[in-house]
Amino acid sequence: MMGERILSTPIELNEIIRVKVGDVLYVNGIIVTARDAAHKRIIRYCKEGKRLPLNLKGLVIMHAGPIVVHKEGQWVIKSIGPTSSYRMEPYMADVIKITGIRMIIGKGVMGRSTMEACRKYGAIYAIYPGGTAALATKCIVRVIDVKWLDLGIPEALWILEVRMFGPLFVAIDAKGNNFFERRLKRVENNLLTLQKELELIPDTCSISEIIEC
Amino acid sequence: MIKISYPSIEKIERNLVEAIRIAVTVLPEDVRKGLEKALSEERDELSKKMLKAIITNVKVAEEEGIPICQDTGIITYYVKVGTKFPYLSKIYDILRNATIKATKEVPLRPNAVDVITGINSGNNVGINVPHIDVTIASDNNELEVIVFPKGGGSETPSICKVLTPWQGIREVIRTVLNSIARYGINACPPLVIGIGIGGTFEVAARLAKRALLRGVGKRSNNEAIAELEMKILDLVNRLEIGPLGMGGKVTALDVHIEVAHRHPATLAMALCTSCWALRRAVMRVYSDGSIEIAPYTGL
């Protein structure tokens with residue numbers, strides 16, 4: 001059964017473990033954007049014993065590279081939406097562990113190591129409809145701050161106040177369920193059926209292995 | 001004698017910036033209709049929810065001038081120019097300058113990154129980008145520029161390879177299905193699929209991308225190719241990836257195939273996928289000096 005709920009940051013562990021795959025969420029509070037470069041740097045800072053520029057505990061990381069302009073001394077988000085989350089898969093488990101975030105927002109498939117870190121540390125992965133940046137932009141109240149701007153505007157950590165940010169569809173929950181595991185299996189079976197029907201040579205790679213990475 | 005006042009380079013540049021703005025904020029009619037048709041066909045609740053969000057987003061983007069997607073892509077310009085166009089030697093400068101201005105004014109996301117240093121040029125202009133494809137059209141003084149920004153996420157299923165002729169169209173179909181099945185979910189479906197067959201390695205790739213310029217819902221003039229387009233569309237949709245990977249009937253809005261004669265020893269093929277946000281606009285400078293800018297609904 002699909003449930004709709006609103007979460008406010010900082011999100012507590014007992015709230016996040018109640019969320020299930022298939023739920024639809026809206027977020028109030030603070031979302032921090034991060035892409036490939038920021039994820040790498042978070043891990044490097046941890047290895048080198050450096051402090052992160054902000055405490056992410058209980059907050060939300062969004063995989064996004066926004067369009068931002070500086071206007072009359074203020075940063076303004078012109079367009080923001082999710083980027084493909086699979087690119088962050090190699091770093092995600094470490095980032096969840098280091099930062100204590102409770103939620104990741106992105107788009108597309110995330111794999112097994114993220115799923116396991118979500119279960120171990122109490123976090124979820126939710127998708128925002130890909131490409132729908134105009135809607136997402138309207139949920140941004142203001143830019144609170146920006147860190148690591150040296151990475152470039154799309155790659156920096158944008159600390160954003162959001163209101164009713166969503167709809168977010170829960171794809172990985174804190175119990176270790178991954179919506180895309182079932183989905184990819186289904187697509188794989190459909191592909192096998194078509195290959196048989198058309199008498200095509202089967203693909204040697206399994207689609208589900210995308211999840212394993 | 002009628003005196004024609006031909007627009008200045010600055011005026012053409014200014015109009016081109018506006019065409020870029022249209023390209024990233026207004027989804028062309030053919031794509032919009034394709035998405036609405038998808039919503040009417042889709043039965044799955046979750047997939048319908050995704051399509052509704054997409055359609056609302058398109059409306060809000062146009063009304064408020066917000067980029068449809070924050071990834072305003074790398075731009076390819078398809079230029080058709082007459083030999084008597086007065087600024088023939090300046091075309092590359094005009095396009096690069098307009099790109100820099102649009103990046104600042106629209107604004108666009110800076111998306112041109114050095115392949116070795118990883119440094120972003122900051123203005124969407126860099127080595128060999130934006131890509132400019134020029135065709136000499138006729139003896140007149142007219143100019144047509146199609147602005148085609150394409151996001152990074154939808155590039156992953158794209159593929160280009162050279163088959164041997166005995167592998168045939170079957171292998172083309174197999175390659176397309178395998179790639180869409182593996183990478184389609186992350187490319188923001190429903191997709192529009194461009195396929196190039198024949199020519200050489202790069203001819204097939206260019207044809208595959210150019211195929212995306214054809215209006216969604218329009219079939220090839222060649223009957224056999226049109227039939228193949230419909231067959232592949234049906235097969236891709238039977239993968240049930242669905243809108244944004246949530247499952248359902250509509251994985252692709254359309255399939256377009258463009259062909260070239262092949263070398264006797266090769267069968268080159270390419271697949272170029274677009275996300276649902278297939279964005280394109282056009283600027284035309286006519287011989288009487290008037291300028292038109294509009295969303296580009298396809299050939």
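Reply: Happy to. Two residues are in contact if their C-beta atoms, placed from the backbone, lie within 7 Å. This is a predicted model, in which local features need pLDDT of at least 70, side-chain atom pairs count only at pLDDT 80 or more, and totals for chains, interfaces and linings use all residues. Residues are numbered from 1 along each chain as its sequence is written, with chains lettered from A and ligands numbered from 1 in the order in which they are written.

Chain B is assigned domain 1 (9-26 + 68-151 + 279-295) and domain 2 (153-274), with bounds from an automatic or database domain assignment. The centres of domain 1 and domain 2 of chain B, taken over C-alpha atoms, are 26 Å apart. Where these domains touch, eight residues of domain 1 of chain B contact five residues of domain 2 of chain B. On the domain 1 side, β1 (74-81) and β3 (143-150) of chain B each supply at least two residues; strands are DSSP runs of E, at least two residues, and helices are runs of H or I, at least four, numbered from the N terminus. The largest share of that side, three residues, comes from β3(B). By class, the domain 1 side has three nonpolar, two polar and three charged residues, where Ala, Val, Leu, Ile, Met, Phe, Trp, Tyr, Cys and Pro count as nonpolar, Asp, Glu, Lys and Arg as charged, and the others, Gly among them, as polar.
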